Amino acid sequence: MRILLASSMVATLGLAAAPALAGGTVAAPPAEPVVFAPATPLYDWTGFSTGVQLGYGDVDTNVGVDGDGLLYGLRAYYDYDFGNFILGGGVQYDWADIDLETGAGVTAATTENVLRVGLRAGFDSGRNFFYATGGYAEVDVDLAGGGSDDSDGYFVGLGYEVFLTDTVTAGAELLYHEFDDFNGALAGTEADATTASLSINYRF
């Protein structure tokens, strides 16, 4: 009886293995489809940034005084990255010590600081951001004889910013300003200023 049962089991196993031996291979189970997650952009310009800047300014007026010198200051922006297009806005504040002199070399006034509040918009090319910018500007001036004056105005310009690391960017800007709203001793004065600056920024 035991011999008969063992023979039956061997026969059953042999029949089960026969198709595999006949074909030489065993069909593998169908592979599950591979799903690829969308790639996350390596550089994302959306968010806040703060930085420091150093520049050089040249000032001309309609009253025969002009000057040039260094500016240094702080900047803060918020940008939104739409993909290939970036829109943002922010504020800059520069300290300056630009003497405005007559043709005879006499200092008539000194540019003390410049405030800018504006928008910027441009193209996202990965780690690079090329933009145009413009908005409100305000300048404070100390007079050589004592006192001070200030004027509202505007600025326009071009800029560029590039990622150095995942969170740090470097930037450059060329800006043109106009001021013609002096109300004190400089009433009637019209001034234009061109500045070029470099910046280092931390992006949150």
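The largest pocket here has a volume of about 240 Å³. Keep in mind that this is a predicted model. So who lines that pocket? There are 23 lining residues, and Val59, Leu100, Thr111, Val141 and Ala191 are the ones nearest its centre. The elements that each give two or more residues to the lining are S1, S3 (85–101), S4 (107–125), S5, S7 (168–179) and S8 (191–203). Of these contributors, S4 gives the most, with five residues.

Now for the strands themselves. If you want a spot to look for in the viewer, find leucine 54, which stands opposite tyrosine 72 in S2.

Next up, the aromatic rings. To describe a pair of aromatic rings, you give the distance of the centres and the angle of the planes. A search of the whole structure turns up eleven aromatic pairs. Two of them share tryptophan 45, and here they are next to each other:

| Pair | Centre to centre | Angle between planes | Type |
|---|---|---|---|
| Trp45 and Phe129 | 5.4 Å | 55 degrees | tilted |
| Trp45 and Phe163 | 4.5 Å | 50 degrees | tilted |

Where do these residues sit along the chain? Tryptophan 45 is in the loop between helix H1 (2–23) and strand S1 (47–61), while phenylalanine 129 is in strand S5 (residues 128–143), so their pair ties together parts that are 84 residues apart in sequence. The pair with phenylalanine 163 also links distant parts of the chain: phenylalanine 163 belongs to strand S6 (residues 148–163), 118 residues from tryptophan 45.

Buried or exposed: which is it for tryptophan 45 and phenylalanine 129? Both are buried. Phenylalanine 163 is buried as well.

Ring pairs link Tyr43, Trp45, Phe129, Tyr131 and Phe163 into a cluster. One member of that cluster, tyrosine 131, has arginine 120 lying over its face, at 4.9 Å from the ring centre. Arginine 120 also lies over the face of tyrosine 77, this time at 4.0 Å from the ring centre.

How values were computed:
Residues are numbered from 1 along each chain as its sequence is written. This is a predicted model: local features need pLDDT of at least 70, side-chain atom pairs count only at pLDDT 80 or more; totals for chains, interfaces and linings use all residues. Side-chain values use heavy atoms; hydrogens and water are left out. Rings of Phe, Tyr and Trp (its six-membered ring) pair if their centres lie within 6.5 Å; planes under 30 degrees apart count as stacked, over 60 as edge-to-face and the rest as tilted. Helices (H or I, at least four residues) and strands (E, at least two) are DSSP runs, numbered from the N terminus. Buried means under 20% relative accessible area, exposed over 50%, partly exposed in between (1.4 Å probe, protein chains only). A charge sits over a ring if NZ of Lys or CZ of Arg is within 6 Å of the ring centre and within 35 degrees of the ring normal. Two strands pair if DSSP finds at least two bridges between them. On a 1 Å grid over the protein atoms alone, a cavity is a set of points where a 1.4 Å probe fits but cannot get out, and a pocket is an open set with protein on both sides within 12 Å along at least five of seven lines; lining residues have an atom within 4 Å of a point. Grid points are joined across faces, edges and corners, and a volume is the space filled by probe spheres set on the points.
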